[in-house]
Amino acid sequence: MAAWLCFEVASGFEVFIVCKTALVTGAANGIGSATVRKLVSHGATHILALDRDQSGLAALVSEMADSVDIIPVVLDLENMDVYEQLLEPYLNDIGQLDTVVISHGVSDENELAEHQVWDKVMNINLNATRYLLSLLEKKLGQGSSVVVISSILAKVGKQRNTAYCSSKHGLMGLVKGLALDWARLGIRVNAVLPSWVDTPMLRRELQKQGDMTGASMNQMLRQIKKRIPLRSLVSAEDIADSIIFLASPQAKMITAQSLVVDGGDGCGV
Ligand SMILES: NC(=O)c1ccc[n+]([C@@H]2O[C@H](COP(=O)([O-])OP(=O)(O)OC[C@H]3O[C@@H](n4cnc5c(N)ncnc54)[C@H](O)[C@@H]3O)[C@@H](O)[C@H]2O)c1
């Protein structure tokens, strides 16, 4: 059984809750690192933090209290041949995983004939996710939950983004099919579909646009905020809050679903 606890706060309201053990990919930056912090603030005690960014992982570990066991696992998820051997000792030590959050990803632009970019984006975003989850199955059980960070580009297209859009649409098929396969085991699988999250990924993309158009970062951020009905960029913590909800017992009857978190950007014109 997954080790979730419920707290009663002074007001009498029940609040989320704690998963004790978790694995988070893309944990060194952006949504992944915000999720690790949020899981810890909700009582997680053992977290496997996977990323290829060694210094980012080290910084995350050093900011955490001694009472929390953040175990950094430096791994390039494009390199699927090494997963099993590298992860085995960590997985043997940790026991059952209550929560798995898939937050790694790359967003390289491509033209259709750029085969190398296509393969890289599909391998990292989609194939690595499937392969990693296949290895984690034995560590999941009744009450465990998987949350995959997809994108609003799992619903719509974007120019020069066929690889990224295909990988994110593909993740939705994975989430829906796997949720049905694993329902009999009591494991839930859901997705969060963010847009305009202020992370290093978004800033890198804007920087490239700015280099081409001459617009400053602040000008572009102002323009983005204007088009979002709630008039703010989404923060990594906003996404982490959605992940905590989907992983919690409050969402115990929610599986195979996707939650759009975009400040209303996709609502209409
Ligand atoms: N930021 C946004 O606006 C936005 C919008 C929609 C979806 N997303 C999705 O959210 C997820 C998290 O994005 P973010 O904004 O936090 O990005 P980010 O670039 O800030 O963080 C992504 C992390 O993934 C890691 N990573 C990338 N490739 C890897 C690999 N091959 N092996 C191991 N680690 C790898 C990076 O090192 C980084 O730490 C991604 O899947 C992204 O596609 C982000």
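What is the volume of the largest pocket? The volume is about 1500 Å³, computed on a predicted model.

## Basis of the model

This is a predicted model, in which local features need pLDDT of at least 70, side-chain atom pairs count only at pLDDT 80 or more, and totals for chains, interfaces and linings use all residues. Residues are numbered from 1 along each chain as its sequence is written, and side-chain values use heavy atoms, with hydrogens and water left out.

The average pLDDT (the predictor's confidence in each residue, from 0 to 100) is 93 for the chain, and 93% of the residues score at least 70. Over residues 6-13 the pLDDT is below 50; this stretch has 9 contacts in the model beyond near neighbours in sequence. Contact means heavy atoms within 4.5 Å.

## Largest pocket

A pocket is an open set of points on a 1 Å grid over the protein atoms alone, where a 1.4 Å probe fits, with protein on both sides within 12 Å along at least five of seven lines; lining residues have an atom within 4 Å of a point. Its volume is the space filled by probe spheres set on the points, which are joined across faces, edges and corners.

The largest pocket is lined by 50 residues, and Ser 107, Tyr 164, Met 201, Leu 202 and Glu 205 are the closest to its centre. The lining divides into 20 nonpolar, 17 polar and 13 charged residues; nonpolar means Ala, Val, Leu, Ile, Met, Phe, Trp, Tyr, Cys and Pro, charged means Asp, Glu, Lys and Arg, and the others, Gly among them, are polar. At least two lining residues come from each of α1 (30-41), α5 (162-183), α6 (200-213) and α7 (217-227). The largest share, 9 residues, is from α6.

## Sheet and helices

Helices (H or I, at least four residues) and strands (E, at least two) are DSSP runs, numbered from the N terminus. Seven strands, in the order β5-β4-β3-β6-β7-β8-β9, form an open sheet with parallel pairing; two strands pair if DSSP finds at least two bridges between them. β5 (69-74) and β9 (258-261) are the edge strands.

Strand β4 (residues 46-51) is joined to β5 by 6 bridges, and Leu 50 stands opposite Val 73 in β5.

## Met 217

Met 217 is found in helix α7. Leaving aside neighbours within four places in sequence, Met 217 is in contact with Arg 203, Leu 206 and Gln 207.
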